Amino acid sequence: MSHYPLPSAPEGHVSLFVDLSPSGEPVFEVLPAARLDDDRYELLGSPGLALGCAAGDIIRRSPDGRFVVELKGGKYCVQTAAMGPLPDAGLQALSNLAQRFNGIAEWPLDGRFAVLTLPESTSLPEMESALDAWAKTIPDAQWWFGNQE
């Protein structure tokens, strides 16, 4: 993959490698981040595509966009999606759920997915139960932890 150029990111952001597309092209995600030095960043947002990190993490990014988490920031990244755009009511429910756990929910304008950033102090059974209940309200909706092994 190293023969592909890393896409540039606007100031205050970092490009991270996600995976290869079916055609073999690399897919990158641009996240808000504070640059700490040449290859280290503090993520200021949780990813909707990249796996293994969350807002608050300190990462070291290689020239091809791959990264390792050097220091976890104490947050869960919960990624959600369905077969089509998430309905407005489903997005509002995720926003309410995130607020209930002192977190934040974000999504692109087209609602094709949503990401929740929740504190690791959140009760896992309570969070999982709430997310399962949410997913049952939307056809084909799923959720998963984006930063858990």
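These legends describe close-up views of a predicted model.

In this predicted model, local features need pLDDT of at least 70 and side-chain atom pairs count only at pLDDT 80 or more, while totals for chains, interfaces and linings use all residues. Residues are numbered from 1 along each chain as its sequence is written, and side-chain values use heavy atoms, with hydrogens and water left out.

**View 1. An open antiparallel sheet of 4 strands.** The strand order is β7-β8-β6-β9. Strands (E, at least two residues) and helices (H or I, at least four) are DSSP runs, numbered from the N terminus. Two strands pair if DSSP finds at least two bridges between them. β7 (104-106) and β9 (142-145) are the edge strands; each has a single partner, so one side of each lacks a neighbour in the sheet. From one strand to the next, the twist averages 20°. Angles run from 0 to 180 degrees between N-to-C directions, with axes as lines fitted to C-alpha atoms, for helices over the stretch in contact.

View 2. Ile104 has Thr117 of β8 as its bridge partner. Buried means under 20% relative accessible area, exposed over 50%, and partly exposed in between (1.4 Å probe, protein chains only).

**View 3. Helices α1 and α2 against the strands.** α1 (residues 88-100) packs on the sheet and touches β6 (75-81), β7 and β8. Its direction makes about 10° with that of β8. α2 (residues 124-135) lies across β6, β8 and β9 and runs at about 155° to β9. Contact means heavy atoms within 4.5 Å.

**View 4. The contact of α1 with α2.** The helices pack at about 170°, with axes 11 Å apart. They are therefore roughly antiparallel to each other; the cut-offs are under 35 degrees for roughly parallel, over 145 for roughly antiparallel, 65 to 115 for roughly perpendicular, and oblique for the rest. Gly90, Ala93, Leu94, Leu97 and Arg100 of α1 meet Glu126, Ala130, Leu131 and Trp134 of α2. These residues divide into 6 nonpolar, 1 polar and 2 charged. Ala, Val, Leu, Ile, Met, Phe, Trp, Tyr, Cys and Pro count as nonpolar, Asp, Glu, Lys and Arg as charged, and the others, Gly among them, as polar.

**View 5. The largest nonpolar core, with 22 residues.** Such a core is a set of buried Ala, Val, Leu, Ile, Met, Phe, Trp, Tyr and Cys residues joined through side-chain atoms within 4.5 Å. Val78, Leu116, Leu118, Met127 and Leu131 touch the most other members. β6, α1, β8, α2 and β9 each supply at least two residues. α2 gives the largest share, 5 residues. Beyond its neighbours within four places in sequence, Leu118 is in contact with residues including Tyr76, Val78, Phe101 and Met127. A second, separate core of 10 residues includes Leu31, Tyr41, Ala50 and Ile59.

**View 6. Positive phi at Asn102 and Asp140.** Most residues other than glycine have a negative phi. Asn102, in the loop between α1 and β7, has a phi of about 60°. Asn102 is exposed, at 66% relative accessible area. Asp140 sits in the loop between α2 and β9, with a phi of about 65°. Asp140 is exposed too, at 53% relative accessibility.
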